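Please work through the exercises below with the sequence and the model open beside you.

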Amino acid sequence: MVTLLLDSAQLEVVLSPLERALSFRRSRLRIERAHIVRVQLTDDPWTWLRGVPSPGTQVRGVVAMGTWKSAGGDDFIVVKRRKPAVVIDLDPGAGAGAAAEFQRVVLTTRHGLALVQALRLETDAEAVEVTEIVTGAIPAPVVKPRRARTPKIVPAAT
């Protein structure tokens, strides 16, 4: 699963060694915060794929990683199975970095909501994982403790 790091200037997508190999990407993906146009959460990231992998890896319904080229532009994809994902649309007129390289980034992550909330907050100059930024911003669910059931003692029939 990708790790999302955020600081005051950029979002960094850190890939595992397997993800780097399957996506044919050697380095981290760095996205300037100013170039992020929209962030959307989706339950089915497969509907967001457009074009063909070039270079990339795809096993339909299982994994899709790498650069997807289409008439609309290039997308960077890291999708695994039918897990929730985040879709990041980037400014097509951006100067350098991932925004100039890609128009859209689709990432399977269970921290999509934390990313959306972290992007709305002011952050430090040092890169921190998005889940650490919003800790405390998301109220923890209130869980009522269950009472332990005491077994009933029934006298044995003689």
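## Exercise 1: Around an aromatic ring

In this predicted model, the charged end of Arg 25 sits over the ring of Phe 76, 5.7 Å from the centre of that ring. Starting from this ring, find the aromatic pair and describe its geometry and its place in the chain.

Solution. A search of the whole structure finds one aromatic pair. The partners are Phe 76 and Phe 102, whose ring centres lie 5.5 Å apart, with 45 degrees between the planes. Planes under 30 degrees apart would count as stacked and those over 60 as edge-to-face, so the rest, including this pair, count as tilted.

## Exercise 2: A buried charge

Determine which contacts the side chain of Asp 7 makes with backbone nitrogens, and whether Asp 7 is with or without a salt bridge.

Solution. Begin with the location, which is the loop between β1 (3-6) and β2 (10-14). Asp 7 is buried yet has no salt bridge, and the nearest side chain of opposite charge, Arg 33, is 6.1 Å away, whereas a salt bridge requires a distance within 4 Å.

Turning to the backbone, a polar atom of the Asp 7 side chain lies 2.8 Å from the backbone nitrogen of Ala 9, and the backbone nitrogen of Gln 10 lies 2.6 Å from a polar atom of that side chain.

Methods
Residues are numbered from 1 along each chain as its sequence is written. This is a predicted model: local features need pLDDT of at least 70, side-chain atom pairs count only at pLDDT 80 or more; totals for chains, interfaces and linings use all residues. Side-chain values use heavy atoms; hydrogens and water are left out. Helices (H or I, at least four residues) and strands (E, at least two) are DSSP runs, numbered from the N terminus. Buried means under 20% relative accessible area, exposed over 50%, partly exposed in between (1.4 Å probe, protein chains only). Lys and Arg count as positive and Asp and Glu as negative; His and the chain ends are not counted. A polar contact is a pair of N or O atoms within 3.5 Å; within protein, one must be able to donate a hydrogen and the other to accept it, and residues adjacent in sequence count only if both atoms are side-chain atoms. Rings of Phe, Tyr and Trp (its six-membered ring) pair if their centres lie within 6.5 Å; planes under 30 degrees apart count as stacked, over 60 as edge-to-face and the rest as tilted. A charge sits over a ring if NZ of Lys or CZ of Arg is within 6 Å of the ring centre and within 35 degrees of the ring normal.
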